[in-house]
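Reader: Could you walk me through this one? I'd like to hear the criterion behind each label.

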2 protein chains.
Amino acid sequence: MFSNKNILIAQGGGPTNVINMSLVSIIKEEKKLKSSVLGSLNGVRGIINNKFKNLNKISENDLKVISQTPGAALGSTRDKPDNKYCLEIFKVLKRKKINKFYYIGGNDSSDSLRIISEHANKTGYKLQCIHIPKTIDNDLVSNDHTPGFGSAAKYVAQLFSGINYDVKSLPGVYIGVVMGRHAGFLTASSALLRQNNNDGPHLIYLPEFSFSYQSFLEDIKKTYIRHGKCIIAVSEGIQNKNKKLVSQEISKTKEYDAHGNIQLSGSGSLGDFLAQQIKSKLKLPRVRADTLGYPQRSFLGSTSEVDQKEAFEIGKFAVKKALRVSYSFSAGIEERKILSKPYKVSFRINLLKDVAGQTKVMSKDFYNYKQNFITKKFINYALPLIGKNISKTKSII
Amino acid sequence: MFSNKNILIAQGGGPTNVINMSLVSIIKEEKKLKSSVLGSLNGVRGIINNKFKNLNKISENDLKVISQTPGAALGSTRDKPDNKYCLEIFKVLKRKKINKFYYIGGNDSSDSLRIISEHANKTGYKLQCIHIPKTIDNDLVSNDHTPGFGSAAKYVAQLFSGINYDVKSLPGVYIGVVMGRHAGFLTASSALLRQNNNDGPHLIYLPEFSFSYQSFLEDIKKTYIRHGKCIIAVSEGIQNKNKKLVSQEISKTKEYDAHGNIQLSGSGSLGDFLAQQIKSKLKLPRVRADTLGYPQRSFLGSTSEVDQKEAFEIGKFAVKKALRVSYSFSAGIEERKILSKPYKVSFRINLLKDVAGQTKVMSKDFYNYKQNFITKKFINYALPLIGKNISKTKSII
């Protein structure tokens, strides 16, 4: 139990469409408790750079608008604190008399928080660290799913639904490269709005299941013969059978990649390479590749209302729970029975060490490796998360 | 004045989000006239392949869902009829007793229709050809703007608004490559939801104004120094001072482009190349490029309600007008006074030869070449077209 009234909030890692929902719910809930609420700008980096914002002063109306804005309203960071960094952090926390720190972030941010929390324990500084999960990758362990995923999944599902009708109009081969370095949840979501067997995506390739060029080309050929078109969702993180990233493999063939450390997002090279393989080896017409890129986590206007609500509620839950327990924790979403209706979530707390820096991947019953496609079970799992505000669609052809 | 009751509808070229709105409005309006309404599948190709659909049979409810679905519900084509193709077309039209043909499409489709119409005149076949405009490029002459553009512009504006907040969170350089081979309207729309001078996009490069690497890099450097980040919207159709496509120029440096005819969409190569230039010459951190690709014309869920309404109304207008005039025509949107409020459109007819195959580009008062940015006048012109259903946004940092 912590009675201190000076609390700190920050946001870390890649932002999502609903990360500010959690931020605003913590601010609102802490204001009810008469806390003095500070925001650190750009995650933990704001602490050591002494960049803070008084969050009590933001009007209710502004809080509402902020909650619906993509990106991290306080700014974000990829910094991972080491011992020296921690010493700096605690100097500032001490001066500001802060004993409660909410960090909204994914795997890496939860790991930063674990490091800070362990440093506090070691040095005897009384600090309750509370991790609020967010990630479009949906890859946090001990969580049914993660705030941020539903909105990104909605964007990807809507995008592929539109592409399905576009390619129906002008048939060819379409590759969409989807974010998710280790986990295929987002790529798998490309099929959530598919209505019948002739609809795309027809093939889905995930990081969890090894990728072979030969099968890839054979699968496309078969699909093209069957449907007269082929729509493919490929994760940016696909790996060959030796667990090497395909992105990294192809980077060797490019002159201009001098540094070796190919970045997966923010480049169209994987999609272009695969499209080129299809063009040259299968000689199919209209081969196109799009790399979905950063709009997956930031597009304004396709936020899932379910995701928004959960991101808000988990913040509220964390504030209440933090009053009742004396230790640091990570707020989480309880595993649910996939088929129980109506869809409902409940929250739980996990120990930081049980969540930090770990990666959940797609379970084997979510994906049929032989068909290169997701299972009905995955659809049942993921469909409720993208919400209900989605247009119906129908074509004539 | 044509009294015939057998009418034909088809869709051509790259689909848009609202092309089916026009289709459905023509079907509904012709049904009121007790016409027998045939749809040709995949544009003019369906005529010569004898692929037709009876459109009278579709339920009102299905028509509503179809009208809101991206893609061309009847399928599309890139075929351009020559004399032999026309002879085949007229054989079928004669057999089906068709004397009225609505073709929903852009520059190329209007040109196909002109060719068909001239062939009819030459051979004495009584056919009224009616062109209904659609194009996300907004590049049809004699039109204030074109159905399809507003929705694509909304998607691009929402995407860059989200990217603005994403890059605010994790600063760097972001390039978004936007569709539009000859006209910059869609790329210019990236700035429609910008709220203040610090917001991205900061720089905009269009096909109409010549592109130089040197100025490009200097502009980015200046912007980065000023704002600590730089968001750039680049048209896929940017050209150097000799009117050569930059996309084509860079294709020389790539081994795998054997055919010379580089395609602009469905490849990330232009964005990747520009990002590489920035990385190697300016040594800036976090340089990312996304190529917006086909979702610009097909994304499910960011259709402009203004665009939808106009696409519907122009179809209705065309059916009514076709009863009153005896010649072929292209339906169009009357030029408006940009600042007159409230925003309102009226329709007109143009001769096919005045529209067909021509390209409208951005006028000089829509773009400030020295600043590499759009003018207030362009915002006044384009903002009403994306509609009002757009979330408000705000950040703290």
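Reader: What rotation superposes chain B on chain A, and with how much shift along its axis?

Author: A rotation of 180° does it, with 0.0 Å of shift and an RMSD of 0.0 Å. Within chain B, Gly268(B) has the C-alpha nearest the axis, at 2.1 Å. This is a predicted model, so local features need pLDDT of at least 70 and side-chain atom pairs count only at pLDDT 80 or more, while totals for chains, interfaces and linings use all residues. Residues are numbered from 1 along each chain as its sequence is written, and chains are lettered from A and ligands numbered from 1 in the order in which they are written.

Reader: How do you know that the copies meet through the same surface?

Author: Of the interface residues of chain B, 100% are also interface residues in chain A, so the surface is the same.

Reader: How do you know which strands β2(A) pairs with, and in what sense?

Author: Pairing takes at least two DSSP bridges between two strands. With β1(A), residues 6-11, there are 4 bridges in the parallel sense, including Asn6(A) to Ser36(A). With β3(A), residues 52-54, there are 3 in the antiparallel sense, and Gly39(A) has Lys53(A) as its bridge partner.

Reader: Why is the β-α-β crossover in chain B called right-handed?

Author: Start with the strands: β1(B) and β2(B) pair in the parallel sense over 4 bridges, and Ile9(B) has Gly39(B) as its partner. The chain crosses from β1(B) through helix α1, residues 19-32, to β2(B), in a right-handed crossover. The label applies if, with the strands pointing away from the viewer, the path from the first strand over the helix to the second runs clockwise.

Reader: What makes β7 and β9 of chain B edge strands?

Author: The open sheet has 4 strands in the order β7-β8-β6-β9, with parallel pairing. Both β7 (203-205) and β9 (287-291) have a single partner strand, so one side of each is left without a neighbour in the sheet. The twist averages 15° from one strand to the next. For β9(B), the pairing with β6(B) runs over 5 bridges, and Thr291(B) stands opposite Val177(B).

Reader: Why are α4(B) and α5(B) called roughly perpendicular?

Author: These helices pack at about 70°, with their axes 10 Å apart. Axes are lines fitted to C-alpha atoms, for helices over the stretch in contact, and angles run from 0 to 180 degrees between N-to-C directions. Angles under 35 degrees count as roughly parallel, over 145 as roughly antiparallel, 65 to 115 as roughly perpendicular and the rest as oblique. So α4(B) and α5(B) are roughly perpendicular. Among the contact residues are Phe90(B) of α4(B) and His119(B) of α5(B), where contact takes C-beta atoms, placed from the backbone, within 7 Å.

Technical notes: Helices (H or I, at least four residues) and strands (E, at least two) are DSSP runs, numbered from the N terminus. Copies are superposed by least squares on the C-alpha atoms of residues with pLDDT of at least 70 in both. Two residues are in contact if their C-beta atoms, placed from the backbone, lie within 7 Å.
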